[in-house]
Amino acid sequence: MNKESGQALRLNSGQAVIVSIMFLLLISTVLVARGANPASADARLARELFDSKRSMITSDAGIEDVSYRVRAALFYGDEEVLVLDGYSATTTVTDDADTGIKLISTEASVRESYRKSAVGLRKGEEVDFNYAVQVGNGGFIMENSSSVLGNVYSDGSVTGAGNLIQGSVVSADSTGLIDDIHATSSVWAHTITDSMVDVDAYYVTKTNTTVLGTSYPNSIDKPTSTFPLSETKLDEWEDVAEAGGVITSPCPYKIQSDMTLGPKKINCDVEISNSAKVTLTGMVWINGTLTFKNSSGIYLDESLSNKSIAVITHNPSNETTSSKISLENSTTFYNTGTPESFLFLISRNKSSADGGGEVAIDLRNTAQGPVFLYTNYGQISIQNNTRLKAVTGWLIKMKNSAQLIYDDGLESTLFDTGPGGSWNVVSWKESQ
């Protein structure tokens with residue numbers, strides 16, 4: 001009897017232990033489950049926050065991508081799709097004719113997180129000129145002791161004879177070539193030969209070149225550039241000049257004494273000579289060729305303040321052998337008295353881009369002062385004892401002791417009339 005009671009007692013004790021363990025497990029499971037709910041919620045919230053931020057970044061990337069294309073005058077469509085880390089942003093571009101605002105809207109989604117952003121751009125009054133020398137496909141050729149103090153950006157080759165460029169040099173695209181140049185800063189080109197680079201070099205091929213900084217072989221070629229002044233903008237400026245009145249005779253129109261001019265269209269060739277002092281008050285369109293002779297002085301009227309103006313040579317019926325500018329003797333240019341103002345001499349001759357040999361702007365002797373030489377499709381020839389602020393052309397040749405010293409004020413140039421080439425942000429918002 002006692003043995004059986006002891007056995008029963010031991011069996012009952014085992015069951016009690018099992019029941020206790022089960023009870024503890026049940027309580028633990030309940031506690032763990034209750035504790036896991038907040039952790040799961042926190043994890044979900046953290047994931048949603050991460051997706052939201054990623055969606056916002058993707059949306060902003062779409063906005064910035066298209067905004068940059070607009071401001072840099074690069075190609076963009078009415079709708080652009082940007083893929084970033086597997087997620088996409090769709091950007092649409094619309095123009096409001098009433099306000100002149102270009103509205104850029106972007107929508108991006110990451111899983112269940114959606115973001116919408118919008119930015120408004122409006123044409124500003126400023127035009128950006130960022131380089132001492134900006135060149136088209138014709139390239140930049142330096143000879144003798146010519147030099148540049150400033151940066152050079154060329155869609156074609158940059159070649160010299162050991163010439164000095166005190167700044168950075170870019171020769172864009174897969175045909176880019178920098179040959180026999182001494183650059184005091186970094187250079188970018190598909191091919192660099194026989195040159196001296198004081199800082200870094202980015203290239204695919206390099207031969208017989210000394211790089212004092214770091215060399216980066218197999219670098220990506222720089223893209224070709226867009227010139228600051230479009231043909232449409234030059235058409236607008238010609239219209240402004242013509243609205244000020246048209247001079248039709250005598251032809252050729254010879255300025256041999258002091259006078260004030262502009263805004264005005266002159267319907268034939270123009271010659272400025274006999275040490276004449278010409279004060280410009282507005283845009284001038286010359287329907288022919290412009291020639292400077294005999295130590296002329298060209299002044300910008302003080303009333304223009306910090307604004308710049310242009311003299312444009314353009315004969316629409318002859319853009320090959322006409323529409324040119326020739327500076328034959330010593331010519332001095334003067335601003336309004338404020339360092340932000342410049343005179344732009346613009347030729348719309350297209351001979352060089354069309355394969356011809358005509359020179360659009362021919363600076364043969366001495367010219368000095370705040371003057372900018374510009375042609376979208378022509379050749380510029382600069383020689384002798386010349387100091388200029390900046391030059392932009394399809395093909396540019398410098399020789400003898402010609403020197404370019406870039407003026408920082410050109411980075412944001414205000415013109416006397418009409419909007420410029422820059423786009424300013426007038427609004428930025430997140431709508432979702």
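Let's open with a network: E231, D235, E238 and R348 are linked by salt bridges. By salt bridge I mean a side-chain nitrogen of Lys or Arg within 4 Å of a carboxyl oxygen of Asp or Glu. Counted by this rule, there are twelve salt bridges.

A quick word on what you're looking at. This is a predicted model, where local features need pLDDT of at least 70, side-chain atom pairs count only at pLDDT 80 or more, and totals for chains, interfaces and linings use all residues. Residues are numbered from 1 along each chain as its sequence is written, and side-chain values use heavy atoms, with hydrogens and water left out.

Now some pairs. K233 forms a salt bridge with E236, and their closest N and O atoms are 2.7 Å apart. Both residues sit in helix α2 (residues 231-243), three residues apart, about one turn of the helix. Helices here are DSSP runs of H or I with at least four residues, strands are runs of E with at least two, and both are numbered from the N terminus. Is K233 buried or exposed? K233 counts as buried, at 10% relative accessibility, while E236 is partly exposed at 36%. For these words, buried means under 20% relative accessible area, exposed means over 50%, and partly exposed is in between, with a 1.4 Å probe and protein chains only.

Next, D95 forms a salt bridge with K102, again with 2.7 Å between the closest N and O atoms. D95 counts as exposed, with 57% relative accessibility, whereas K102 is buried at 6%.

Which residue does K350 pair with? Its salt bridge is with E319, the closest N and O atoms being 3.6 Å apart. This pair links distant parts of the chain, 31 residues apart: K350 is in the loop between β31 and β32 (361-363), and E319 is in the loop between β28 (309-313) and β29 (325-327). K350 is partly exposed at 23%, and E319 is partly exposed at 21%.

On to the inside. How many cavities of 30 Å³ or more does the structure hold? There are two. A cavity is a set of points, on a 1 Å grid over the protein atoms alone, where a 1.4 Å probe fits but cannot get out, and lining residues have an atom within 4 Å of a point. Grid points are joined across faces, edges and corners, and the volume is the space filled by probe spheres set on the points.

The largest cavity has a volume of about 90 Å³. Of its 15 lining residues, L261, I272, L280, L290 and V311 are the closest to its centre. The elements giving two or more residues to this lining are β23 (270-272), β24 (277-280), β25 (284-286), β26 (290-292) and β31 (343-347). By class, that lining is 15 nonpolar, no polar and no charged residues. Here Ala, Val, Leu, Ile, Met, Phe, Trp, Tyr, Cys and Pro count as nonpolar, Asp, Glu, Lys and Arg as charged, and the others, Gly among them, as polar.

The second largest cavity holds about 30 Å³ of space. Its lining residues include W188, H190, Y202, D221 and K222. That lining divides into five nonpolar, two polar and two charged residues.

I'll finish with one more stop, in helix α1 (residues 2-71), where L25 lies. L25 counts as partly exposed, at 47% relative accessibility.

Definitions and conventions:
On a 1 Å grid over the protein atoms alone, a cavity is a set of points where a 1.4 Å probe fits but cannot get out, and a pocket is an open set with protein on both sides within 12 Å along at least five of seven lines; lining residues have an atom within 4 Å of a point.
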